[in-house]
Amino acid sequence: MNSSKPIITAVDIQGMVRHWLATPVGSYLGSDYGNDVKSFLQYPESAGMSQSLIAKMRQDIPVLSALPNGAINIYYQDIEPDKRLLIVDIAGSMISSDGVSVTVGGR
């Protein structure tokens with residue numbers, strides 16, 4: 001009898017983060033699951049808000065709590081004068097706020 005446990009893969013985690021990035025806070029009745037990326041993007045990157053967003057992400061996606069500190073990073077990318085993307089780096093896998101996986105540096 002095979003008693004193997006289900007394994008959560010990097011692809012699964014990317015999907016969870018994509019869903020979280022696409023879900024505004026208050027989208028689920030009675031739950032504060034989700035993010036407020038639109039208001040977050042209004043602050044300069046140097047404001048130090050990324051740690052609070054990472055903490056919220058870890059709270060909403062418990063599997064991320066298994067990752068060590070420093071395994072999740074957040075970056076901005078200005079792509080037009082009036083458009084900014086949020087990029088979440090989870091142990092080398094990059095996901096942008098528009099739900100697209102980002103390839104950086106030929107990875």
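This is a predicted model: local features need pLDDT of at least 70, side-chain atom pairs count only at pLDDT 80 or more; totals for chains, interfaces and linings use all residues.
**The core**

Start with the inside. The largest nonpolar core has 20 residues. Those with the most contacts inside this core are V17, L21, M57, L64, I74, L86 and V88. Several elements build the core: α1 (10-21), α2, α3, β1 and β2 each supply at least two residues. The largest share comes from α1, with four residues. In soluble globular proteins, nonpolar side chains tend to be buried together.

What does M57 touch, leaving out residues up to four places away in sequence? The list is V17, W20, L64, I74 and V88.

**Helix α3**

Helix α3 covers residues 50-60. Which of its residues are buried? They are S50, L53, I54, K56, M57, R58 and D60. The cover over these buried residues includes α1, α2, β1 and β2.

Is K56 buried or exposed? K56 counts as buried because its relative accessibility is 18%, and the cut-off for buried is under 20%. Neighbours within four places in sequence aside, K56 is in contact with W20, V25, D32, Y33 and G34.

**Aromatic pairs**

How many aromatic pairs does the model hold? The count is two. One joins Y28 and Y33: their ring centres are 5.8 Å apart and their planes meet at 65 degrees, so this pair is edge-to-face. The cut-off for that label is over 60 degrees. Y28 is partly exposed, at 41% relative accessible area. Y33 is buried, at 16%.

The other pair is F40 and Y76. Their ring centres are 5.8 Å apart and their planes are at 50 degrees, so this pair is tilted. F40 lies in helix α2 (residues 37-40) and Y76 in strand β1 (residues 72-80), so the pair ties together parts that are 36 residues apart in sequence. F40 is buried, and Y76 is buried too.

| Residue | Relative accessible area | Class |
|---|---|---|
| Y28 | 41% | partly exposed |
| Y33 | 16% | buried |
| F40 | 6% | buried |
| Y76 | 15% | buried |

The charged end of R84 sits over the ring of Y76, 4.4 Å from the ring centre.

**Two loop residues**

Where is T23 placed? T23 is in the loop between α1 and α2. T23 is buried, because its relative accessibility is 7%. Residues up to four places away in sequence aside, T23 touches Y28, Y33, G34 and N35.

A91 is in another loop, between β2 (83-90) and β3 (93-96). Is A91 buried or exposed? A91 is exposed, with a relative accessible area of 62%. Its backbone is worth a look as well. Phi of A91 is near 50 degrees, a positive value in a residue other than glycine. Most residues other than glycine have a negative phi.

**Looking back**

T23 is buried at 7%, whereas A91 is exposed at 62%.

Methods
Residues are numbered from 1 along each chain as its sequence is written. Side-chain values use heavy atoms; hydrogens and water are left out. Rings of Phe, Tyr and Trp (its six-membered ring) pair if their centres lie within 6.5 Å; planes under 30 degrees apart count as stacked, over 60 as edge-to-face and the rest as tilted. Buried means under 20% relative accessible area, exposed over 50%, partly exposed in between (1.4 Å probe, protein chains only). A charge sits over a ring if NZ of Lys or CZ of Arg is within 6 Å of the ring centre and within 35 degrees of the ring normal. Contact means heavy atoms within 4.5 Å. A nonpolar core is a set of buried Ala, Val, Leu, Ile, Met, Phe, Trp, Tyr and Cys residues joined through side-chain atoms within 4.5 Å.
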